[in-house]
Amino acid sequence: MSASADAGGRDGTSADVTVVMPAMNRAHLIGRALDSVRAQTLRPREVVVVDDASTDDTVAVARAHGATVLEMETNGGSGPARNRGIEAASTTWIAFLDSDDSWHPDHLRTLMDRAGDHVLVGSPGRSTDGRVLGNSSSREVELTPLTVLSPGDMLCTSGTAARRDALLAAGLFRDLRRAQDLDMWVRVLERGTGLALARPTVTYHLHEQQAILDSDLMRQCFTRIVDDCRSKDWFTDRDADRAWVRWHWDDARAAQRSGEAAAAVRELSWFASRPYTWSTLAALLRARRLSRNASA
């Protein structure tokens, strides 16, 4: 979708936004995502699909839906693919959408109406099993690097837009195999404030091809993110502990379920020795409860 009359919204308007969509072997899914972009009441200036060395008809389907397609010669993952799309764009804003998700018709208008002087704005998603992904509260939350690290889960990537100049200044997506988006949001938010909206405008479609969570790999990547933050003026040792709250809680619950009493006690002792993490744990548990209750 280029900057033509067709790029306008239903009222003839368009936004200074490029949609960047990485895709690999998603010929059977990407049409739905691109249709949801075409249905926006405020259309983007351009949609860029970065094909990550697909072996199916992803490229043909994307072009048939009017997207600009950039082809990667070798498979590099979603981070490098997004970087290619960001570099190719010329708009002020980059809106991210994964090829297996879809936007509600007012998604882009909702983001741009609230973007203001922020460097990043995002709305929550709702999965097809009813859970809320991202900000699960009923109020907007102003974002900083610390608020996306703990209690975490404040943004859904397919619901997030960021200023292109902030993405470039932050160094774009890094070579992390997991949590690339969290790492990116932290570094972008060092350059200004963000806003997490409260109303879901994204559908997160569950399907069999989604990556299985590798908790060990995720922990390694999260460790790298936290360790990198330790050199920042805004980050303290207590902030690092708060960032690790979710991991220690989940480890405690896993140990409890498997009957490993000593491991559970060890994790709970970690909390007992760090009372300043209790408010973070309370916020985490509340967010998870709200996310689950949304599906009831």
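The legends below describe close-up views of a predicted model.

In this predicted model, local features need pLDDT of at least 70 and side-chain atom pairs count only at pLDDT 80 or more, while totals for chains, interfaces and linings use all residues. Residues are numbered from 1 along each chain as its sequence is written, and side-chain values use heavy atoms, with hydrogens and water left out.

**View 1. Phe96 and Trp185 form an aromatic pair.** A search of the whole structure finds 9 aromatic pairs, where rings of Phe, Tyr and Trp (its six-membered ring) pair if their centres lie within 6.5 Å; planes under 30 degrees apart count as stacked, over 60 as edge-to-face and the rest as tilted. The pair of Phe96 and Trp185 is tilted, at 5.7 Å centre to centre with 55 degrees between the planes. Phe96 belongs to strand S4 (residues 93-96) and Trp185 to helix H7 (residues 180-188), so the pair ties together parts that are 89 residues apart in sequence. Helices (H or I, at least four residues) and strands (E, at least two) are DSSP runs, numbered from the N terminus. Phe96 is buried, with a relative accessible area of 0%, and Trp185 is buried at 3%; buried means under 20% relative accessible area, exposed over 50%, partly exposed in between (1.4 Å probe, protein chains only).

**View 2. Phe96, Phe173 and Trp185 form one aromatic cluster.** The ring centres of Phe173 and Trp185 are 6.2 Å apart and the planes are at 75 degrees, so this pair is edge-to-face. Phe173 sits in the loop between helix H6 (164-169) and H7, 12 residues from Trp185. Phe173 is buried, with a relative accessible area of 5%. Arg82 lies over the face of Phe173, at 5.5 Å from the ring centre; a charge sits over a ring if NZ of Lys or CZ of Arg is within 6 Å of the ring centre and within 35 degrees of the ring normal.

**View 3. Four strands form an open sheet in the order S5-S12-S7-S8.** The pairing is mixed, and two strands pair if DSSP finds at least two bridges between them. Strands S5 (101-103) and S8 (132-133) stand at the edges with a single partner strand each, so one side of each is left without a neighbour in the sheet. Strand S7 (residues 125-127) runs parallel to strand S12 (residues 202-204), joined by 3 bridges. Ser127 has Tyr204 in S12 as its bridge partner.
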